[in-house]
Amino acid sequence: MLLVVTYSQAARQTLRNVCNGHDEAVVQRFGRAVLLEATELGAFLALRLREKHASDVQIERTEAFNEFEDAPEEVRDAATAYEDRAHPSTPYTKFAVGTDHPAPDTMRDAELAGDTDR
């Protein structure tokens, strides 16, 4: 998909017009941002916005997040266990102490699978 983010009122108005006129290319709208299908039409619409508004429009290509391929099992297990914790006010840092769950500092600098070349 293509993520298009706008940074000016004029660009946001053009984005709204583009989305209203091309619903078939829009995956999701977020106000000042939109996800467009990764098609030639999606690229055309995104590039047209950038041509009209230059640096007020940012275009990024996104990939779907597959938790089973991209996140280690220990991270998925930690997320599940943390959401099932007995006391909802317990911060994750305290929750992870004395368990096999990774510490936030460990996860902070660890890249996800497939992100090593970025």
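## Helices and strands

The chain holds 6 helices and 4 strands. Both kinds of element are DSSP runs numbered from the N terminus: a helix is H or I over at least four residues, and a strand is E over at least two. Starting at the N terminus, the order reads β-α-β-β-α-β-α-α-α-α.

A quick word on where this comes from: the model is predicted, so local features need pLDDT of at least 70 and side-chain atom pairs count only at pLDDT 80 or more, while totals for chains, interfaces and linings use all residues. Residues are numbered from 1 along each chain as its sequence is written, and side-chain values use heavy atoms, with hydrogens and water left out.

## The chain as a whole

The C-alpha trace spans about 55 × 30 × 25 Å along its principal axes. Its radius of gyration is 20 Å, whereas a compact globule of 118 residues would come out near 13 Å. (That radius is taken over C-alpha atoms, and the globule rule is 2.2 Å times the number of residues to the power 0.38.)

Of the 118 residues, 28% are buried. Buried means under 20% relative accessible area, exposed means over 50%, and partly exposed is in between, using a 1.4 Å probe and protein chains only.

## Helix α1

Helix α1 covers residues 9-21, so to speak a run of 13 residues, and it reaches 18 Å from its first C-alpha to its last, close to the expected 18 Å. The expected span is 1.5 Å times one less than the number of residues.

Which residues of α1 are buried? They are A11, T14, L15, V18 and C19. The arc is that of the directions from the helix axis to the C-beta atoms. On the other side of α1, Q9 and N20 are exposed. The cover over the buried residues of α1 includes β1 (2-6), β2 (26-29), β3 (33-36), α2 (40-53) and β4 (57-61).

## Helix α2

Next up is α2, with 14 residues that should span 20 Å at 1.5 Å a residue; its end C-alpha atoms are 20 Å apart, which agrees. Its buried residues include G42, L45, A46, L49 and H53. They cover an arc of only 95 degrees around the axis, which puts them on the same side of α2. That buried set packs against β1, α1, β3 and β4.

The face turned away from the buried side carries the exposed residues E40, F44 and E51. After α2 comes A54, whose phi is positive, near 50 degrees.

## Two residues to look up

R50 sits in helix α2 and is partly exposed, at a relative accessible area of 37%. Leaving aside neighbours within four places in sequence, R50 is in contact with V57 and I59. R50 and T6 are 44 residues apart in sequence, with 9.1 Å between their C-alpha atoms.

D70 belongs to helix α3 (residues 67-70). Is D70 buried or exposed? D70 is buried, with a relative accessible area of 18%. Setting aside neighbours within four places in sequence, D70 is in contact with A64, F65, L112 and A113.

Terms used: Contact = heavy atoms within 4.5 Å.
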